[in-house]
Amino acid sequence: MSVTGRTRYFFRQGNRYVLLVLLVLLSGCGADMPGFMNPQGQVAEAQRYHFWIVIALVMLVVIPVIIQTPLILWRYRYRGHAVYRPKWYMSRWLDITMWAVPILIVAILSVYVWRQTQELDPYRPIAGDQPPLEIQIVGYDWKWLFIYPDQGIATLGQLVIPVDRPISFSLTSASVLQSFFIPALGSQIDVMNRMVTRLHLKADHPGRFEGKNMQYNGEGFHRQRFITRAVDDDTFAEFVQRTREQGRPLDQDTYEIIAQKGDNRDVARALGLDTRDSDAVIRLSSVPNGLFHTIMDGSPIDWSALDVSPPQLGTTRTSVIQNPSNDDTSSSSEAASSSHQHRKAQP
Amino acid sequence: MSDATSLIFGRLGWDALPFWSMLHDHSPMTVINGVIATGAAGMVVLGALAAIVLVTWLGKWKYLWSEWLTSPDHKKIGIMFIVIALVMLSRAIIEAVLMRVQQTFGLDGGFLTAEHFGELFTTHGTIMIFFMAMPFLTGIINYVMPLQIGARDLSFPVMNQVSLGLTAAGAALVMISLVLAPFSTGGWTGYPPFTELAYNPGAGVDYWLWAVTLSTLSSTLTGINFAVTIFKKRAPGMKLFRMPLFTWTALCTAILMIFGMPPLTVATGLLALDRYLDFHMFTTDLGGNMMNYVNLLWAFGHPEVYILILPPFGIFSEIFATFSGKRIYGYRILVIATMCIAVLSFTVWLHHFFTMGQSAHINAAFGIATMLIGIPTGVKVYDWMLTMYRGRIRLSVPMVYAIGFIMLFVLGGMTGIILATPSVDYQVHNSLFLIAHFHNMLIPGLLFGMLSATNFWFPKATGFRLEERWGYRAAFCWIIGFMLTFFPLYVLGLMGMPRRSVAYFEPQYLPWMITAGIGAMVILCALLCLLMQLWVSIRDRHANNVFAGDPWDGRTLEWAVSAPPPEYNFPVLPEIYSIDAFMTEKDRGQGWQAPDHYVDIEMPANSTMGVIIGITGLAMAFGLVWYMWWLVIGAGLVTLVAVIARGFVRSTTRTIPAHEVQRSHEHWLEQVRRTNPIDRSLEQTTANHGRPVPPIEGAVQ
Amino acid sequence: MSSTDTHALEGNSRHPGLNLGAAHAQEEDTREEMVFGFWVFMMSDLILFGLLFATYVTMLGGTAGGPGPQALFELKSAFIQTMILLVSSFTFGMASLALKYREDRVRLVVWLLVTLALGLAFLFFELKDFHSMFDKGGVPSRSGYLSAFFSLVPLHGLHVTAACIWLVALLGQMAVHGLDAPVKTGILRLAILWHFLDIVWIGIFSLVYLGGLS
């Protein structure tokens with residue numbers, strides 16, 4: 001959109017915005033607020049709780065200052081008649097109080113922080129009825145590649161997760177430092193080249209949540225977004241099935257397009273997909289085995305050595321990874337393969 | 001480009017000009033951004049030309065050279081530091097406003113390109129930290145600290161010049177980058193591997209690298225200079241625990257500079273090796289590790305935060321005491337708290353990257369260490385409140401800033417504790433919440449402190465008061481503008497909006513962005529008010545003159561001399577018996593006395609070292625940025641020769657004869673006697689010529 | 001205000017290493033400040049080296065398949081460098097003693113020249129070492145580990161170079177101005193730098209060379 005067009009758009013929408021401003025300001029932290037103030041997962045919910053606890057505790061120090069400063073200013077104003085003692089500079093009891101109160105608060109906070117930090121450690125697996133779903137994430141310049149190793153599929157632009165099932169993310173970057181973040185679900189985690197970081201989240205409610213990159217990595221940074229779709233198990237199975245059937249394999253050509261600078265939409269355009277789809281979702285039906293670790297190791301991906309070279313040649317290896325997924329959704333086999341994957345990921 | 005040209009100009013080409021891309025690409029976005037960039041470049045060029053023309057027209061080159069540029073006087077160097085800071089402050093505020101406006105229109109787009117926006121937030125941050133905050137506080141410490149401890153100059157006046165030269169060179173480099181673009185887009189923190197050659201091959205990162213390096217070297221030297229001065233040059237009787245609090249904070253800041261700057265030197269130095277000599281310290285391949293950079297940067301970065309905030313703490317301590325007409329509450333405790341903060345500041349750097357995947361125990365430990373800093377800081381806030389308690393508070397301009405500071409700073413402290421809680425930090429890290437937090441510390445803390453100090457000590461430095469009406473307007477604009485701009489950013493951060501985004505796609509963000517945009521306009525008004533204040537004050541300088549030197553009924557030694565003080569500060573070095581040395585003198589009715597006899601005073605002679613190092617530093621940095629190796633080598637050799645040659649100079653001092661000292665001192669004393677003493681109710685009127693009535697009125701002891 | 005002289009009140013902090021003659025209280029105060037300032041600078045510099053040491057240790061694993069310490073270092077050469085530097089510290093000590101207790105300038109100059117020669121010899125051996133490392137493929141662009149090595153060890157070498165240049169400059173000053181107070185202070189500060197570099201080198205020798213070869 002041209003700038004003038006945008007300005008016009010802005011003014012046309014002006015009234016609505018003014019109304020919106022008033023509404024949001026009036027309703028305070030409105031129910032419409034995205035992010036962890038409106039948590040959709042247990043991690044985000046705990047974080048919101050911590051947030052308010054910390055505020056409540058620190059308020060014990062802050063409130064006296066906010067209230068008493070104006071009072072002092074008024075009472076001891078120049079033209080007032082309050083007592084004036086220019087040489088008074090010390091009171092033992094006041095000293096003791098003003099050291100004791102913050103020390104006490106920090107002591108309480110420290111205990112609290114120590115516990116909560118362990119509890120919400122993103123590396124710590126989340127307990128759940130079902131075994132965690134493994135997802136590997138690779139950060140590229142301005143897009144995320146979501147690999148489902150046990151399903152043998154991958155997506156760009158949309159992360160589909162089953163609701164109520166713990167998700168275990170392994171993340172690395174094929175580019176510079178990035179930070180992977182789904183505010184409504186919980187923690188963000190840095191994503192670094194040649195390193196794997198871990199993150200565990202769980203969605204408690206079905207829905208569509210914004211996901212983003214928080215660490216500036218160039219001009220397309222603000223477009224490095226995706227939609228997280230938390231769905232029930234059936235829908236998830238359906239998604240896996242549909243991706244396998246309708247997606248394209250992640251072959252060398254596709255990979256090169258992904259590895260170029262650009263956002264999801266650029267990839268979709270380069271692949272000749274429909275870019276009017278606002279989410280620009282790209283489905284990849286098969287992924288070379290161990291792609292994530294190859295990227296993490298930083299060895300240039302040698303497609304011939306990987307033995308999965310693009311569709312027409314993709315015989316043996318492709319079938320190897322597709323085998324377990326063809327046995328499909330029996331969860332025991334998934335759990336086995338996922339733990340196998342896990343051991344490989346963390347030698 | 002032919003070989004010969006590239007030998008001379010390195011990789012500098014026509015495309016470095018800000019309007020170059022506009023000539024080839026006529027899309028509206030390019031044109032708009034080209035116009036903005038060209039306008040900025042034009043302002044730099046015209047500003048420089050205007051300055052040259054003005055000085056030539058006034059015929060002041062010789063004066064400028066001998067009285068300012070080559071002067072080793074700490075007061076003049078301090079003022080020059082502050083001038084640099086104010087120029088850079090103006091630029092960085094304009095950039096901030098531009099960014100706010102962009103984000104106001106940033107739903108789905110806006111008018112700035114992402115590249116341009118990246119340069120804006122990088123220069124804004126780099127300038128505000130290294131070329132606004134550092135020179136500003138260095139300038140104020142430079143000016144005030146020797147006066148407060150009863151010294152005639154810093155320990156190393158020529159090194160002080162060199163510090164100024166290096167800072168000026170860095171600032172000039174950042175300014176040049178507007179004309180010969182681009183600047184880095186890597187943020188003021190410059191995290192690799194984004195800033196590595198592989199991802200950012202252009203000149204931008206190199207500009208940033210060398211500008212920051214120049215500033216770091218300058219600050220290291222400054223830190224050494226201040227620390228040695230405070231340890232070695234105090235007047236007789238000025239024991240450590242009699243020093244004014246501002247001097248104490250200056251000492252702590254100096255120590256932090258000495259130990260906190262080397263990590264940044266190492267970080268930028270290693271990054272430079274990566275970029276210039278194909279090292280692999282922080283690259284993604286061949287065993288480089290960017291986490292080392294992050295640790296090094298924040299091992300500097302966190303002490304830096306306290307380098308920035310401690311001097312304002314000292315300034316506010318002076319201001320609360322002076323304008324409450326009362327001794328500071330809990331002097332010793334404040335000193336101890338300052339020391340605690342300084343020491344603790346080295347133990348918390350990791351809280352800048354809780355999300356980097358280290359173990360929860362480490363995160364928790366650093367989170368708790370961070371919260372510990374809240375204790376001495378909280379105690380300080382209470383001490384300031386108790387200083388006002390039972391005082392007689394005059395709401396002068398510095399005091400308005402101080403009140404704004406104390407109320408807003410505790411809120412920033414609260415959000416700081418929130419950020420220090422690792423579990424919550426995983427949500428708000430890298431978001432606008434973080435931006436709001438550190439602006440909440442740095443604007444009410446640092447900037448209000450600096451502006452407050454400027455209003456407070458300006459009459460001492462120039463001999464006339466700053467006009468109050470525009471001063472109040474500026475102060476209120478700052479406070480209101482700050483709240484309007486940054487409180488919405490807290491909310492945006494809670495909604496998960498990342499920092500450094502040129503645009504966003506969530507309509508929920510918009511109302512907050514608009515509020516912040518309005519706030520930015522108010523801050524722009526504050527800047528204009530400051531300029532008006534300066535202009536009106538200069539216009540009315542005769543009516544507002546305070547030659548007698550003590551316009552605020554001051555407590556510390558700097559108020560015991562004329563305004564502006566003589567070059568040698570004190571005709572004879574004073575002897576100190578208590579804290580608040582000058583107030584004690586006034587209480588005993590011993591202020592403004594003539595000494596028994598005068599002696600010759602030896603002062604450092606003028607030197608061109610600062611100018612030489614400044615110019616060669618700039619030339620080297622510029623050459624490195626554009627790969628003009630001849631310039632680098634040439635400037636390097638000149639520096640080496642200059643430093644060696646300086647060692648051979650023996651006439652480093654000049655003597656001011658006793659009779660001259662006597663004449664000017666007695667002239668001043670005569671003026672003081674003629675000045676009508678006023679009480680504090682007339683403080684802001686033209687009746688105030690710098691002499692208060694003795695003693696403090698209506699006191700219950 | 002009284003006109004008491006500073007030095008009457010706090011005058012007992014004369015620097016023990018200096019011999020500026022009597023009745024130069026003001027002069028000695030200035031010199032004392034310079035020496036103290038130089039100590040402070042050394043502390044700052046020490047942080048620099050400390051951080052580079054720490055970085056080096058974290059980068060030990062980053063050889064990226066390139067040559068490591070075993071393949072590159074020669075203990076003999078490193079040991080020779082260590083001995084040269086230790087002896088140079090001793091000779092500088094002799095120069096300092098000559099500065100403090102002897103009136104004749106010849107002895108001082110001779111010791112300084114010996115020190116200078118040893119410094120240059122150290123640099124020669126260090127460069128030779130680097131050369132042989134380069135021959136074995138140990139260039140900084142090969143790996144993170146080698147980058148860390150070449151950011152630490154040559155920085156020490158650069159310091160030694162600067163110290164040598166300073167020594168020559170001081171000899172020049174002595175030739176022009178004689179053994180005046182600034183030259184004496186200069187020698188005193190250079191001595192601090194020289195011994196400091198010795199200590200840093202011992203760190204490098206133990207950590208980088210002995211640690212690498214063990």
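User: In which helix of chain B does Val45(B) have its place?

Analyst: Val45(B) belongs to helix α3 of chain B. Helices are DSSP runs of H or I with at least four residues and strands are runs of E with at least two, numbered from the N terminus. The model is predicted, and local features need pLDDT of at least 70, side-chain atom pairs count only at pLDDT 80 or more, and totals for chains, interfaces and linings use all residues. Residues are numbered from 1 along each chain as its sequence is written, chains are lettered from A and ligands numbered from 1 in the order written, and side-chain values use heavy atoms, without hydrogens and water.

User: Why is Val45(B) called partly exposed?

Analyst: Its relative accessibility is 37%. Buried means under 20% relative accessible area, exposed over 50%, and partly exposed in between (1.4 Å probe, protein chains only). Val45(B) therefore counts as partly exposed.

User: How many disulfides does the structure hold?

Analyst: Zero, over all chains. For Cys529(B), the nearest cysteine sulfur, that of Cys477(B), is 4.3 Å away. A disulfide requires a pair of cysteine sulfur atoms within 2.5 Å, so Cys529(B) is in no disulfide.

User: Is Cys529(B) buried or exposed, and what of Cys164(C)?

Analyst: Cys529(B) has a relative accessible area of 8%, so it is buried. Cys164(C) is buried because its value is 5%.

User: What makes β6(A) and β7(A) a pair of strands?

Analyst: Pairing requires that DSSP find at least two bridges between two strands. Four bridges join β6(A) to strand β7 (residues 188-191) of chain A, so the antiparallel strands meet that requirement. Phe180(A) stands opposite Ile189(A) in β7(A). The two strands form a hairpin with six residues between them, and Gly186(A) in the turn has a positive phi of about 155°.

User: Which strand is joined to β6(A) by two bridges?

Analyst: That strand is β9 (residues 207-213) of chain A, and the two run antiparallel. Lys212(A) in β9(A) is the bridge partner of Phe181(A).

User: How do you know that both faces of strand β6 of chain A are covered?

Analyst: Gln178(A) and Phe180(A) on one side and Ser179(A) and Phe181(A) on the other are all buried.
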